[in-house]
Amino acid sequence: MDAIKGLTEQEVAERRERGLGNPAPPSTGRTVGDILRQNIFTSINIIIFSIALALAALGNIGDAVTSGGLVFINAVVGIIQELRAKRQLDRIALLSRPKALVLRRDSAADDPRAREVGVERAVDPSELVKDDILILYPGEQVVLDGVIVEGLAEVDESLLTGESDLVPKQTGDRVLSGSFCVTGRALYRAERVGVQSYANRLAGKARAFRAVRTPLQREIDFVLRLLMMIALVIGFLMFVSSVVNRLPTIRSVQAAAVIAGIVPNGLVMAILVAYSLGAVRIARRGALVQQTNAIESLSHVDVLCTDKTGTLTANRINYHSCVPAGLSEAALESIAADFAASATTINRTSEALIHALNGQKRPFVDEVPFSSARKWSGLVFDDEHYRGAYVMGAPEVLIGALAACPDELEGHVRSLARRGLRVLLFAHQPDVLTLHDPRGDVALPGGLVALGLLVFSDELRPEARTTVERFRQAGIRLKVISGDDPDTVAALARQAGFPDQVKGYSGFELEQMPPAMFAQAAEEGVIFGRITPEQKERLVDALQSRGHYVAMIGDGVNDVLALKKARLGIAMQSGSSATRGVADIVLLDDSFAALVPAFTEGQRIVNGMKDIFSLFLTRCFYVAMIIVATGFVGMGFPFGPRNITLLTLLTVGIPTIALAYWARPAAVKGRLMRSVWPFVVPASLSVLAFGLIVYVIAFGMVDGRMLNNLITPQDIAAFQEAVADAYRMDVSTPERLSFQVANVAAQSVVTLFSLMSGLLLVVFVQPPFRFLAGGRPYSGDKKMSLLALGLFLTFLAGWNIPFLRRFFAVAIPPDPLVLATILIFTLAWATVLLLIWKRRWYERFLLGRNLVAPAAPSVVPPKAAPGLGRPRHQPDHRRS
């Protein structure tokens with residue numbers, strides 16, 4: 001018996017000094033190293049940094065700084081934002097981290113008995129040492145490898161082995177960290193700690209298993225690969241051209257820097273910043289994100305499966321009354337109270353009986369703890385007070401084992417269940433002294449005699465009705481999957497705001513169905529009662545096989561399989577440690593009302609990324625196409641590295657960070673890429689057309705003037721000193737000088753036009769006025785427009801500073817006539833683009849659609865829930 005008294009604090013300290021402690025395992029989130037690596041050492045960043053180093057080695061420090069500088073700034077901003085979010089989330093996670101139950105003796109206590117008897121304590125897992133005695137209750141996870149020293153428990157090792165069958169454990173059996181207790185109670189001695197424990201050795205594999213990419217991440221990955229392929233093709237053509245035309249090395253490297261800028265390296269940073277901001281926002285509202293992409297994943301959810309307990313109802317059960325069969329109420333309550341007090345495993349039902357009836361703990365000779373799969377528990381007594389087997393469980397399960405079922409019993413069960421009350425059948429078999437067969441398997445005795453019904457009530461959460469209504473308005477279908485009686489679940493669901501007439505199925509009905517009928521029932525049903533853990537998993541799988549994006553909320557060990565199967569697993573903070581361990585999001589206040597702002601954040605991220613995508617893709621496609629177009633007409637290269645840096649910083653760099661901050665929630669419809677093409681294609685093609693016209697006119701005018709005037713060696717020397725040295729240009733002859741001057745002037749002009757059009761696109765993604773709506777629906781939000789105006793004024797101020805003008809390679813000095821001319825071209829471009837959007841020419845001609853504006857709806861659509869955007873089933877008429 002000495003082994004189960006626990007260690008003293010002195011013994012714990014000695015073991016820790018000998019290196020036998022259990023240091024905190026690696027975080028399940030991204031580490032500081034992960035954040036640095038994923039923000040700095042991306043493939044495109046490495047390419048651009050390499051080009052910058054090549055430019056510096058060739059003596060062009062200015063281009064090197066501008067090429068690599070913006071990438072570096074993007075990385076720094078992303079790192080700062082993510083580290084700030086990580087610190088806040090780590091603080092919250094530390095407060096909500098599950099504890100381990102351990103026996104410890106107080107060697108400094110005055111009472112000699114206190115120094116000898118171990119006391120149960122809840123400690124952080126990092127405080128455990130080898131030889132600690134830990135306690136297992138149902139739902140508790142095995143945190144260290146060890147050996148059972150007392151008690152009996154059934155353990156689920158599915159997280160380690162993939163097998164969902166329960167494994168019985170008794171004294172002398174080994175338990176592995178990462179498994180969890182389902183039924184029973186046991187003590188085990190820790191034998192392996194730290195990195196030697198089985199769970200820690202598999203930690204990396206477990207984290208990789210849960211790292212499921214969301215639709216947004218997959219689409220961003222596709223876009224990056226597509227643009228990288230385009231950049232490689234253009235780069236190869238440029239390399240061939242430079243070899244054929246014998247361009248200087250410095251000019252080839254400059255061109256490579258511009259081409260590499262086609263790949264939007266800031267896009268990955270934007271989504272990481274959006275994830276981090278969203279995680280911090282919803283943590284303040286009571287939901288802790290354990291997977292960074294879980295927030296965005298929320299926005300795609302169209303089916304939310306939830307248990308009744310802990311979501312619709314509070315995590316409390318109250319004893320209500322009893323219906324005796326052949327004995328008095330007092331006698332039935334006395335036996336039930338002693339039964340609950342004697343069991344080693346305490347669940348919410350037994351807690352309610354103990355609290356209300358104050359039973360007496362009595363010795364027993366056999367026990368079967370309650371499990372969700374069996375749906376009953378039992379004790380066998382053999383003394384002067386009680387003799388025989390007593391079982392308590394779901395009436396549907398136990399009625400078949402009764403010797404005779406009273407006529408009124410089933411009627412009472414149905415009547416009480418329809419009122420939303422939980423009903424358990426309590427029965428007795430006096431001649432049975434074991435609940436196991438000769439092989440040791442659990443066996444429900446036959447010939448039971450009904451003692452009566454025990455009735456319990458659930459407490460409906462005050463916010464349940466409001467939350468259910470908000471999900472309904474958002475187009476998210478709720479399905480209640482519970483282990484309770486279907487009638488009880490349906491009654492409570494109606495109290496929470498579910499319609500009166502909803503389809504429901506019991507686990508017994510589902511068990512008889514073939515796979516096709518089971519899938520149909522999963523689709524049509526709303527209430528599912530008496531469901532086993534395996535059936536929960538099958539229901540989630542059936543819904544996902546039909547194309548639904550399913551989230552699952554759970555709190556008990558019976559929910560673990562379904563949480564792992566769902567696209568998004570959500571656990572209650574007060575739930576079992578095993579449930580929290582496999583969840584993507586943990587509800588800190590045990591209220592699924594916190595999911596309403598969480599869904600809002602998911603929609604905010606996707607909606608913000610839609611605008612960010614639009615700006616990035618428009619710029620990338622326009623730059624790629626104008627490089628090809630100017631090369632085709634033989635008029636040089638349209639941008640220098642410094643021009644591209646200026647454009648990237650002012651038209652996508654700063655605006656996209658602001659869009660991530662100021663994004664507003666809206667209903668998510670269809671695939672993101674498909675939704676941005678009607679904006680991107682007309683915008684990039686129209687900017688290309690007008691930009692190419694501006695470039696050709698500027699190039700031709702300057703080149704013509706240069707050739708029509710006598711160019712002296714003094715002119716060549718002056719240009720060499722003022723401009724050519726900075727750009728490493730060959731101006732050794734009048735013809736070369738004329739070409740280079742025209743190229744630099746055209747680059748400056750097209751840079752000014754691209755800047756103005758790019759800032760107008762920032763206005764168009766969030767139209768502040770209705771007449772500007774076309775590519776995007778009218779928003780009325782003026783923040784992005786004011787930002788664009790501020791950036792334009794900042795540019796005008798910098799344009800008047802010679803150093804900045806030279807640094808960003810804008811060779812044309814400030815001139816009202818030049819500015820007015822480019823503004824006229826920009827306004828003409830904006831008018832044409834708005835006309836294309838409003839007339840929907842892209843959809844008509846490029847997609848071959850004969851579109852007609854849809855008629856106004858005959859009824860006013862229902863108002864969307866606050867923060868959840870429009871209902872998913874309502875069409876968007878604003879763009880018509």
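Me: Leaving aside its neighbours within four places in sequence, which residues is Phe613 in contact with?
Reply: Phe613 is in contact with Glu219, Ile220, Val223, Leu267, Leu672, Met673 and Val676. Contact means heavy atoms within 4.5 Å.

Me: What sort of model is this?
Reply: This is a predicted model, where local features need pLDDT of at least 70, side-chain atom pairs count only at pLDDT 80 or more, and totals for chains, interfaces and linings use all residues. Residues are numbered from 1 along each chain as its sequence is written, and side-chain values use heavy atoms, with hydrogens and water left out.

Me: How many residues has the largest nonpolar core?
Reply: It has 127 residues. Leu595, Met609, Phe613 and Phe764 have the most contacts inside it. Helix H24 (residues 595–633) gives the most to this core, with 19 residues. A nonpolar core is a set of buried Ala, Val, Leu, Ile, Met, Phe, Trp, Tyr and Cys residues joined through side-chain atoms within 4.5 Å. Buried means under 20% relative accessible area, exposed over 50%, and partly exposed in between (1.4 Å probe, protein chains only). Helices (H or I, at least four residues) and strands (E, at least two) are DSSP runs, numbered from the N terminus.

Me: And Val694, buried or exposed?
Reply: Val694 is buried, because its relative accessible area is 7%. Val694 lies in helix H26 (residues 672–707). Leaving aside neighbours within four places in sequence, Val694 is in contact with Val749, Val750, Phe753 and Phe825.

Me: New topic. What is the strand order in the open sheet of eight strands?
Reply: The order is E9-E22-E21-E20-E10-E17-E19-E18, with mixed pairing. Two strands pair if DSSP finds at least two bridges between them.

Me: Why is one side of E9 and of E18 left without a neighbour in the sheet?
Reply: Strand E9 (287–289) and strand E18 (504–506) stand at the edges, each with a single partner strand, so one side of each has no neighbour in the sheet.

Me: How many bridges join E10 to E17?
Reply: Four, and the two strands run parallel. Cys305 has Lys479 in E17 as its bridge partner.

Me: What about strand E5: how many of its residues are buried?
Reply: Nine of the 12 residues in E5 (residues 145–156) are buried, so the strand is mostly covered.

Me: Which way do E5 and E8 pair, parallel or antiparallel?
Reply: E5 and strand E8 (residues 180–192) pair in the antiparallel sense, over 11 bridges. Leu152 has Arg185 in E8 as its bridge partner. Four bridges also join E5 to strand E6 (residues 166–169), and these run antiparallel.
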